[in-house]
Amino acid sequence: MIDVILPELPERELALLSEETPQPSDPRLAGRVVLGGPVALPVTAELVEPDRDLLDFLETEADNAVYHLVHLSVTCARDAPAPALHSVNLDVTLTAEPVRRGTTVFPPVAWSMTPRQLTEKADATAPAFAARLGPRLGFRHGVRTAYGERVCLEARRELRSDPGWEIRHTPAVRIGGTYRMAMVVRAPRGAVSRAAVAVGATVREGHTLHRFREELAEPLRLTALQ
């Protein structure tokens, strides 16, 4: 098991345009959500060298796959004017293109994600500067959900090419502060892999749910030593 220090993230303020038609003239959520990253770090033999089991696992995969540690964050304004954020979604789309024409490659997947689940009793916005990687490059999770606890942050679609996280408003916890997230991506060797990122948000007014979304113009290219 090793601890990987997560890098500081460049941040960008999101406009989060309404998904309604026609578009409202007022950009209601502009400035309320800031995206950190994404930043990718290749998982190399040098990185996992302190853990012999992780090094052995990486070597058994070396002919077919490469791994990347992708780090992101979402910062939501505290005490923002009404309506309050009801949910925030961070969605990632992983793709791969073969370097050589005619070659078939498997789709990249979110091999492991953290945090997997946080509840009202956990501090969802605590800074997490290190990610703990355990056997087979899986994240070590220290928080377990007890029966009846409301979940305010949850990873979605692990082991798929469309992973993401959902942050939810609960009666006890409003959405606000910085949420740090990371995933290990398993990608095909000999391919150009990318991670496209989109952020969505909802606000509720009475019984009406209004949806907003923004997609980054340029996907993050996942590079590794080939």
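In strand β12, M181 is the bridge partner of L72, a pairing taken, like everything that follows, from a predicted model. Strands β5 and β12 run antiparallel and are joined by twelve bridges. Strand β12, which spans residues 177-188, is mostly covered, with eleven of its twelve residues buried. Strand β7 also pairs with β12 in the antiparallel sense, over five bridges, and here V109 stands opposite R186 of β12.

In one of them, F57 and Y67 form a tilted pair, with a centre-to-centre distance of 5.8 Å and an angle of 55° between the planes. This pair links distant parts of the chain, since F57 belongs to helix α2 (residues 52-61) and Y67 to strand β5 (residues 65-76), the two residues being ten apart. Both F57 and Y67 are buried.

The rings of Y67 and W111 have their centres 5.9 Å apart and their planes at 75°, and because an angle over 60 degrees counts as edge-to-face, the pair is assigned to that class. Y67 lies in strand β5 and W111 in strand β7 (residues 109-114), so this pair ties together parts that are 44 residues apart in sequence. With a relative accessible area of 1%, Y67 is buried, whereas W111, with a relative accessible area of 22%, is partly exposed. Through these ring pairs, F57, Y67 and W111 are linked into a cluster.

Notes. Residues numbered from 1 in each chain as written. Predicted model: local features only at pLDDT ≥ 70, side-chain atom pairs only at ≥ 80, totals over all residues. Heavy atoms only, no water. Phe/Tyr/Trp six-rings, centres within 6.5 Å; stacked < 30°, edge-to-face > 60°. Helix = DSSP H or I, 4+ residues; strand = E, 2+ residues; numbered from the N terminus. Buried < 20%, exposed > 50% of the residue type's maximum accessible area, 1.4 Å probe, protein only. Pairing = 2+ DSSP bridges.
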